[in-house]
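Have a look at the structure first.

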Amino acid sequence: MTSITSQTGGLADPAATTARLTIDLSAIVENWRTMRALSGEASCGAAVKGNAYGTGMAEAAVALAKAGCRQFFVADANEGAALRKLLPDAEIFILSGAFDAAMPLLVENRLTPVLNSLDQIAAWTSAGNDRPAALHIDTGMNRLGITPAEAVEIAENRAVEPTLVMSHFACADSPDHPLNAIQIERFAEVRGHFPEARASLANSAGIHMGDAAGFDLTRPGIALYGGECRNDLPNPMRPVAKAEARILTNRVAKAGETVSYGATVTLGRDTRIAICGIGYADGFHRSSSGSGVPLRREVQQAGMGAIEGRTVPLLGRVTMDLLMFDVTDLPETLGVSGQWIELFGETIPLDDAARAAGTIGYELLTSLGRRYARRYI
Ligand SMILES: *Cc1c(COP(=O)(O)O)cnc(C)c1O
């Protein structure tokens, strides 16, 4: 940890916040270098859509570009236009592609649309664009992309000459899933019809599949931001984001009393409680409640907090702006008003916090609300 730069993130006074988010840009860069090394001969780009998975596109993309990243993937033309202001020379791919209303932004900002359907190809070519475009081929996801048969036809009649052909894995997080090999084979076959185009298939998890999935360009996202990408490996990435809530006050409740909405937890002992200023409006999902959420019966472990490396359990339901933790077992100097309690970060892995909410690190990161004071280190 070298220097800390704070930014207001639109807050009138970041010092007045009850929610803070610390983003380690050097960890993002180091994670990208790890992904680049695993990409072998392929170039390594970066998915920075969704405000760089909630970590801040402006900061993350600029740091990645400084480290040598040249290809960036964003969701739509508005994200692309914002990124173009920061990176005049980068190659910026727009995953939602080209449609009439997006055309002016795409052209003005020299963005490269990923053409996802025959309609999009027609819209792009009939607009008379001679700028590069990428072509998405669906090899098993049934989401975006033309079929392999349509792609072969496009290659033959040269309806569009893509600078990049790409596809996307459906099951890369489960490396033994048979669909992975099928998708690699389909993609290898169809990219052969576009000898002039670069080819790209692998997201973070796909990069772990090795050379067969690497092609010319990889597109890691979640791994850059410290998240788990495979179900069968310990997470090798450095943590990037730390979310912390300010402890607003403490109270002691007696054995037999209840805590939070619905009175779903009955205290088994006299309990010192820390009341903290983050809730589901900040993207700390209600489904991580300590008790009383029917939809979370499947997941045994509720959300946790941590302070100086010690974890403490959530009590009862998560509310819109507040969380309650049982800090009885901490030394009495810890867990007190004015201190900060980690919700995920160094002590609690992002993906453990996500699992406690019945979701994945991707969703937890991209759900973080607008109240956080962001600090970049
Ligand atoms: C989001 C996205 C990626 C990055 O995926 P991760 O699993 O986060 O590495 C790559 N390609 C496409 C098409 C995507 O939508």
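R219 puts a polar side-chain atom 2.9 Å from a nitrogen atom of the ligand.

| Residue | Protein atom | Ligand atom | Distance |
|---|---|---|---|
| R219 | polar side-chain atom | nitrogen | 2.9 Å |
| G221 | backbone N or O | oxygen | 2.8 Å |
| I222 | polar backbone atom | oxygen | 2.8 Å |

A word on the ground rules: this is a predicted model, where local features need pLDDT of at least 70 and side-chain atom pairs count only at pLDDT 80 or more, while totals for chains, interfaces and linings use all residues. Residues are numbered from 1 along each chain as its sequence is written, and side-chain values use heavy atoms, with hydrogens and water left out.

Which residues come nearest to the ligand? They are K49, Y53, S204, I222 and Y362, out of 14 residues around the ligand (a residue is near if one of its heavy atoms lies within 4 Å of the molecule).

Now for the domains. The protein splits into domain 1 (41-225) and domain 2 (241-376), with bounds from an automatic or database domain assignment. Their centres, taken over C-alpha atoms, sit 38 Å apart. Nine residues from domain 1 and six residues from domain 2 make the contact, meaning heavy atoms within 4.5 Å.

Together the two domains bury about 720 Å², 62% of it on carbon and sulfur atoms. Buried area here is the accessible area (1.4 Å probe) that two parts lose on being put together, summed over both. Y53, G54 and I222 supply 55% of what domain 1 buries against domain 2, more than any other three residues.

As for polar links, four residue pairs are in polar contact across the interface, both residues at pLDDT 80 or more. That term covers a pair of N or O atoms within 3.5 Å; within protein, one must be able to donate a hydrogen and the other to accept it, and residues adjacent in sequence count only if both atoms are side-chain atoms.

How many salt bridges run between domain 1 and domain 2? The count is zero, though the structure holds 15 salt bridges (a side-chain nitrogen of Lys or Arg within 4 Å of a carboxyl oxygen of Asp or Glu). One of them joins the side chains of R238 and E30, at 2.5 Å from N to O.
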